[in-house]
Amino acid sequence: HSLVIAYSAKERLTRPQQERKVQLCLQVLEVLGTVDPGFTNWRGKLLHEMATSLLLLSRADYASGSIAETVFKRRLYFCMRALATAKRCMQAGFAQPGRSEQ
């Protein structure tokens, strides 16, 4: 988690750094998600960081022609869903999955 935050503090990241940041976010989300489930602030921040980096990488890949339009659209949809969940996490603070807030 701290390494992702360190990457976030840098003004510009190289492509390998962006790719590593996405990879770290996915790994941390998977591991911490089992220990600390729910719509937590840390989850929202990590989802936001991951989606932002993945979107930048996807735009560059699509512009260079290294990915097809269908792959680009799938990545955009993934980012859109991640950002929607991030928003929910940051608004909720904490809520167990499947429980409505009151």
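Colleague: Which residues have the most contacts inside the largest nonpolar core?

Modeller: Leu46, Leu47 and Met50, in a core of 18 residues. A nonpolar core here is a set of buried Ala, Val, Leu, Ile, Met, Phe, Trp, Tyr and Cys residues joined through side-chain atoms within 4.5 Å. Buried means under 20% relative accessible area, exposed over 50%, and partly exposed in between (1.4 Å probe, protein chains only). Keep in mind that this is a predicted model, where local features need pLDDT of at least 70 and side-chain atom pairs count only at pLDDT 80 or more, while totals for chains, interfaces and linings use all residues. Residues are numbered from 1 along each chain as its sequence is written, and side-chain values use heavy atoms, with hydrogens and water left out.

Colleague: Which helices supply at least two residues of this core?

Modeller: Helix H1 (2-9), helix H2 (15-35), helix H3 (41-64) and helix H4 (69-92) each do. H3 gives the most, with 7 residues. Helices (H or I, at least four residues) and strands (E, at least two) are DSSP runs, numbered from the N terminus.

Colleague: And what pattern does the chain follow?

Modeller: Reading along the sequence gives α-α-α-α, with 4 helices and 0 strands. Of the 102 residues, 34% count as buried.

Colleague: How do I check the span of a helix such as H3?

Modeller: Take 1.5 Å times one less than its number of residues. The 24 residues of H3 should span 34 Å, and its end C-alpha atoms are 35 Å apart, which agrees. Just after H3, Gly65 takes a positive phi of about 85°.

Colleague: Which residues of H4 are buried?

Modeller: Start with the general idea: an α-helix has 3.6 residues a turn, so residues three or four places apart point the same way. In H4 the buried ones are Phe72, Cys79, Ala82, Ala86 and Cys89, and they pack against H3.

Colleague: What does Leu47 touch?

Modeller: Contact means heavy atoms within 4.5 Å. Not counting residues up to four places away in sequence, Leu47 touches Leu29, Ala82, Thr85 and Ala86. Leu55, found in helix H3, touches Leu76 and Cys79 under that sequence limit. Leu55 counts as partly exposed because its relative accessibility is 22%.

Colleague: How many disulfides does a search of the whole structure find?

Modeller: In general, a disulfide is a covalent bond between the sulfur atoms of two cysteines. The cut-off is a pair of cysteine sulfur atoms within 2.5 Å, and the search finds 0. Cys25 counts as buried because its relative accessibility is 0%, and Cys89 counts as buried at 0% as well.

Colleague: Which residues line the largest pocket?

Modeller: Rolling a probe the size of a water molecule over the atoms shows where empty space is left. On a 1 Å grid over the protein atoms alone, with a 1.4 Å probe, a pocket is an open set of points with protein on both sides within 12 Å along at least five of seven lines, and lining residues have an atom within 4 Å of a point. Here the lining is Leu26, Leu29, Arg43, Leu47, Met50, Tyr77, Phe78, Arg81, Ala82 and Thr85. H2, H3 and H4 each give two or more residues to that lining, with the largest share, 5 residues, from H4.
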